[in-house]
Amino acid sequence: MRDLALFHRNLRLEDNAALYNASLNQDYAGLYVFDKEYWSQSDRSKNQLKFALDSLKELEKKLNNLNVCLYVFEGSLSALKKFLHETLPNVNLHINHTTETNYYSNQLKKFSKDFPFLYSYKDFGIQINNPDRDKWARSWQKHMNKQPYNSPKTNNNLHQLNLPKFKEFKTTLETQDMQIQTGGSNSGRELLNSFLEHRCKGYSKKMSSPSEAEYACSRLSPHIAFGTISIRDIYQTLENNINNSRYRWDLYSFKKRLHWHCHFIQKLDTQPSLEHQSMHPDCDQLRPKVDRELIDKWISGNTGFPFVDACMTYLKKYGWINFRMRAMLMSFASYNLWQPWQQTSPLLANTFTDYEPGIHICQVQMQSGVTGINLPRIYSITKQSLDQDPEANWIKNQLPQLEDIDKNIIHSAELGELYKEKVVDLKSSAKKARELVWQIRSNSEFRKKAREIYELHGSRKSRVEKRKGLS
Ligand SMILES: Cc1cc2nc3c(=O)[nH]c(=O)nc-3n(C[C@H](O)[C@H](O)[C@H](O)COP(=O)(O)OP(=O)(O)OC[C@H]3O[C@@H](n4cnc5c(N)ncnc54)[C@H](O)[C@@H]3O)c2cc1C
């Protein structure tokens with residue numbers, strides 16, 4: 001065997017650089033590395049694993065049609081390195097670049113050392129070498145406009161590796177009570193088509209409400225995160241449809257988010273320390289105390305605030321919630337409960353099927369006011385509850401014990417004995433948070449560092465938009 005395509009997150013056949021290049025000699029196989037330790041990190045979950053396994057199952061079938069086997073290696077990347085040195089010392093390895101948390105990135109770094117035939121390919125619209133924010137938008141566009149990779153070639157030589165094939169691989173994953181999205185490229189493609197054809201109607205408004213967003217958002221996030229469809233494929237399909245669409249304005253809004261996807265991931269790729277360190281390092285002094293009990297009540301949906309608890313209950317059931325509610329949940333933990341984001345971030349990530357470290361960690365930091373380059377925003381729980389679910393019907397669906405309670409009492413969270421005790425006073429906690437955040441931001445040293453952060457990570461486009469009053 002001359003070539004091996006390693007799958008980590010790019011679980012698809014089409015527009016897959018690593019797979020296509022591995023197939024050129026028509027003497028290749030696919031390999032998925034199942035590392036238990038990776039999957040037991042606190043930010044990983046069985047939702048995410050189930051989605052990955054669904055996607056691999058479909059991928060295996062498609063590979064088999066090309067006479068290609070998909071194998072599974074159970075163990076770490078260092079164990080894989082040893083195995084490959086012993087069994088296939090001269091094989092060419094092909095892998096797509098992913099922006100990951102330190103556990104995986106460090107392993108991959110060690111794995112790549114002394115491996116002369118490891119080829120890594122760009123997948124998202126990020127700058128892997130010498131990132132330069134001034135040229136970022138242009139390089140993103142170039143990546144998205146490029147001709148997608150062809151389907152991989154049919155294999156000529158079916159070699160047997162001394163490893164289980166994916167269909168023989170068994171995990172102890174319990175999947176009965178999971179109500180998460182289905183993995184695989186076929187369902188990703190169906191979502192894209194139905195979104196572009198009709199679901200996007202009213203997207204730019206409906207995306208804020210948790211009940212309407214469920215249908216009106218694309219729901220492509222786990223597919224993009226696990227790479228069952230490439231972001232370039234989504235972008236080009238969108239471009240082919242946007243001008244003739246009745247919902248052009250909604251689709252422009254969607255297109256903007258495809259940029260944001262890579263814009264956020266770029267930050268973690270450029271600076272992996274962001275996994276544990278605030279983008280503005282001074283902000284790490286802000287929240288020195290961890291209160292486990294408070295955090296437990298937040299993540300288990302027992303805060304005493306019906307809208308917060310309803311969002312958490314929904315998120316845990318379906319593995320997804322819309323952007324606005326994610327931001328509100330995070331703002332509540334960081335501002336009202338005043339807990340360090342480093343403690344709460346992995347717990348929230350664990351609930352998302354679409355967990356994408358680059359987006360997640362940078363959004364968490366943004367919603368916690370620790371980037372130094374974004375204006376802090378403290379969400380009012382009462383306002384969001386009233387705006388996004390005026391009749392409180394959605395809240396009641398998630399929390400049926402509130403079925404007979406008046407909507408105004410639910411919005412104001414003045415339920416007394418009828419519901420759980422409130423963990424915090426909203427007004428005074430928000431006031432204190434605002435004071436502390438602005439106090440730290442007011443000194444000139446803080447602002448000097450913030451300018452350096454902007455140079456490294458800030459979106460240049462938003463500066464223009466700001467000047468034009470667009471953002
Ligand atoms: C605290 C917090 C954590 C988040 N964690 C994640 C995460 O782990 N994975 C993830 O994919 N998204 C994350 N998001 C961003 C956003 O909430 C989700 O991308 C979106 O809700 C997914 O639903 P959708 O695919 O229907 O989105 P759509 O509105 O249909 O958007 C299409 C795609 O654009 C990208 N996108 C949309 N909004 C954003 C955004 N604000 N920033 C960056 N990219 C965006 C996503 O890839 C998304 O799939 C987070 C947001 C917050 C506030």
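# Close-up views

**View 1. P376 counts as partly exposed, since 18 C-beta neighbours are found inside 10 Å.** The term follows a count of the other C-beta atoms, placed from the backbone, that lie within 10 Å of a residue's own: 20 or more make the residue buried, 12 or fewer make it exposed, and partly exposed is in between. This is a predicted model, in which local features need pLDDT of at least 70 and side-chain atom pairs count only at pLDDT 80 or more, while totals for chains, interfaces and linings use all residues. Residues are numbered from 1 along each chain as its sequence is written. P376 belongs to the loop between α17 and α18, where helices (H or I, at least four residues) and strands (E, at least two) are DSSP runs numbered from the N terminus. Leaving aside residues up to four places away in sequence, P376 touches G369 and V437, a contact being a pair of residues whose C-beta atoms, placed from the backbone, lie within 7 Å. Between the C-alpha atoms of P376 and Q343, which are 33 residues apart along the chain, the separation is 19 Å.

**View 2. W338 and A392 each have a positive phi although neither is a glycine.** For W338 the angle is about 55 degrees, and this residue sits in the loop between α15 and α16 (341–351). W338 is partly exposed, because 18 other C-beta atoms lie within 10 Å. For A392 the phi is about 60 degrees, and the residue is placed in the loop between α18 (381–388) and α19 (393–398). A392, by contrast, is buried, because 22 other C-beta atoms lie within 10 Å.

**View 3. An open sheet is formed by five strands in the order β3-β2-β1-β4-β5, with parallel pairing.** Two strands are taken to pair if DSSP finds at least two bridges between them. At the edges stand β3 (70–74) and β5 (118–121), each with a single partner strand, so one side of each has no neighbour in the sheet. On average, and with direction ignored, neighbouring strands of the sheet are turned by 30 degrees against each other; the axes are lines fitted to C-alpha atoms, for helices over the stretch in contact, and angles run from 0 to 180 degrees between N-to-C directions. Strand β1 (residues 3–7) is joined by five bridges to strand β2 (residues 28–34), and the two run parallel. F7 stands opposite Y32 in β2.

**View 4. The ligand has 28 residues around it, of which C217, S218, S221, R257 and H360 come nearest.** A residue counts as near if its C-beta atom, placed from the backbone, lies within 6 Å of the molecule or strand in question. At least two residues of this shell come from each of α10 (221–225), α12 (248–270), α15 (323–336) and α17 (357–367), and α12 supplies the largest share, six residues.

**View 5. Contacts link domain 1 and domain 3 through 11 residues of domain 1 and nine of domain 3.** On the side of domain 1 that touches domain 3, helix α3 (residues 46–64) gives the most, with three residues. The C-alpha centres of domain 1 and domain 3 are 35 Å apart. The assignment for the protein, automatic or from a database, lists domain 1 (3–123), domain 2 (128–148 + 184–268) and domain 3 (275–457).

Technical notes
Contact = placed C-beta atoms within 7 Å.
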